[in-house]
Amino acid sequence: MKFLGKPRSHTAASLPLCWLLLKILQPGHSLPYDNRYAGDKVIRLTPKTQEEAFALKNIYHRLQVDLWQPSSISYVSEGTVTDLHIPQNASRTLLAFLQEAHIQYKVLIEDLQKAVENGNSLHTQRNRRSLTDYNYEVYHSLEDIQNWMHHLNQTQPGLVRVFSIGRSYEGRPLFILQLGRKSRAYKRAVWIDCGIHAREWIGPAFCQWFAREALLTYKTDPAMRKMLNHLYFYIMPVFNVDGYHFSWTHDRFWRKTRSRNARFRCRGVDANRNWKVKWCDEGASTHPCDDTYCGPFPESEPEVKAVANFLRKHRKSIRAYLSFHAYAQMLLYPYSYKYATIPNFSCVEFAARKAVKALRSVHGIRYRYGPASQTLYVSSGNSMDWAYKNGIPYAFAFELRDTGQFGFLLPEMLIKPTCTETMLAVKNITMHLLKKCP
């Protein structure tokens with residue numbers, strides 16, 4: 001079991017906002033990847049009036065800024081906490097505008113390039129490690145993760161099976177890691193996916209951690225043994241393989257898939273707005289250049305199509321769907337596309353409450369929980385709602401650490417505590433499946 005590894009210890013208020021907006025210039029941004037974020041900043045602001053919110057939306061469309069929170073500019077209104085990644089050549093203009101307009105802001109990350117480098121401190125050593133010394137406390141490239149999956153497949157034949165459910169837009173295999181004691185008898189199952197949005201690296205890190213913990217503690221932890229004996233876990237460590245690879249090689253903050261559009265130069269679709277459940281409605285964009293672009297039609301992305309086909313095929317056995325995102329520290333359940341109460345609300349709410357309580361018991365980290373539409377925002381065409389509408393009774397989306405201090409750049413030193421607490425939450429939900437609903 002050496003491969004599984006041992007974790008290492010370790011604000012002229014007198015000037016109208018619309019006039020100020022005319023002073024904004026359109027910038028460019030073409031730095032090479034290895035230094036492309038030098039001088040970039042991440043700021044947080046909360047519009048206090050609808051006029052301020054309108055001004056921010058105009059800035060967003062005029063400047064080349066990257067919205068970190070919320071996921072779509074359409075969500076920005078009075079009182080919305082908004083995190084913006086501002087390129088260096090737009091920084092002085094934008095910050096001057098905010099000060100003249102008396103819009104208060106806080107700098108979350110002063111120099112994004114340094115933050116990228118600091119958050120990925122072990123990058124140079126990572127590729128030299130042999131598989132047997134696989135480190136679960138660093139972020140891994142797609143190639144590393146796929147090699148790790150194949151190694152587990154070869155060394156843990158009694159509990160692991162790796163298979164592909166299709167290929168991505170760019171032709172990469174879509175690998176699934178099946179965990180569980182093999183049995184001819186019918187077994188219920190849990191689906192877990194990570195990395196549907198490329199820049200949310202803590203997701204794939206958790207998927208790997210989950211597999212490691214399951215295999216390491218199978219013989220010693222009665223709860224884990226029961227889980228693996230009675231259930232199959234279908235784990236997809238990297239859902240958006242093309243986007244994840246691109247976030248390692250070209251743009252650390254890429255979110256979408258990498259599919260091409262016949263009419264626009266912008267690439268990619270939001271893989272979590274591409275599902276056939278209230279597709280391309282509120283919270284999704286019809287413009288290919290937007291981060292929440294829903295795609296030309298439902299399941300247009302081969303990655304989404306492949307997963308949807310697999311879930312349809314196994315809908316009778318899959319009892320839970322868990323999807324891992326970042327960042328917000330939330331545990332969400334349906335509905336996301338509308339304000340309504342799900343039929344089995346009491347069971348799902350109970351499971352969520354217990355999971356969040358268990359998570360907090362580890363490091364004191366507080367998660368909000370509830371229906372996604374009320375807890376986060378309304379979004380259509382997402383995987384969690386689709387899974388629920390297609391017969392999977394327990395569908396959850398985790399928004400992992402943090403709440404903005406690091407954002408998508410959660411440092412590697414926080415992988416272990418994040419995964420440790422999340423592991424307990426997932427075990428709680430899974431054990432809840434094996435009992436009768438209260």
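These notebook entries record what I looked up in one predicted model.

**Basis.** I worked from a predicted model in which local features need pLDDT of at least 70 and side-chain atom pairs count only at pLDDT 80 or more, while totals for chains, interfaces and linings use all residues. Residues are numbered from 1 along each chain as its sequence is written, and side-chain values use heavy atoms, with hydrogens and water left out.

**Entry 1: the largest cavity.** I took a cavity as a set of points, on a 1 Å grid over the protein atoms alone, where a 1.4 Å probe fits but cannot get out; lining residues have an atom within 4 Å of a point. A volume is the space filled by probe spheres set on the points, which are joined across faces, edges and corners. The largest cavity has a volume of about 290 Å³. I found 26 residues in its lining, and Asn272, His325, Leu376, Tyr377 and Glu399 are the closest to its centre. Strand S9 gives the most to this lining, with three residues; strands are DSSP runs of E with at least two residues, and helices are runs of H or I with at least four, numbered from the N terminus. Why does the largest cavity lie between domain 1 (34-117) and domain 2 (142-434)? Both domains give residues to its lining, so it lies between them. The domain bounds come from an automatic or database domain assignment.

**Entry 2: the largest nonpolar core.** I took a nonpolar core as a set of buried Ala, Val, Leu, Ile, Met, Phe, Trp, Tyr and Cys residues joined through side-chain atoms within 4.5 Å. Buried means under 20% relative accessible area, exposed over 50%, and partly exposed in between (1.4 Å probe, protein chains only). The largest core has 115 residues, and those with the most contacts inside it include Trp191 and Phe233. Helix H7 (residues 202-217) supplies the largest share of this core, nine residues. Each of domain 1 (34-117) and domain 2 (142-434) gives the core at least three residues. Leaving aside neighbours within four places in sequence, Phe233 is in contact (heavy atoms within 4.5 Å) with residues including Leu179, Ile192, Phe210 and Thr430.

**Entry 3: His230.** I located His230 in helix H8 (residues 222-230). Is His230 buried or partly exposed? Its relative accessibility is 44%, so His230 counts as partly exposed. Beyond its neighbours within four places in sequence, His230 is in contact with Lys187, Arg188 and Leu434. His230 and Arg188 are 42 residues apart along the chain, and their C-alpha atoms are separated by 7.1 Å.

Terms used. 1 Å grid on protein atoms, 1.4 Å probe; cavity = no way out; pocket = protein on both sides within 12 Å on 5 of 7 lines; lining within 4 Å.
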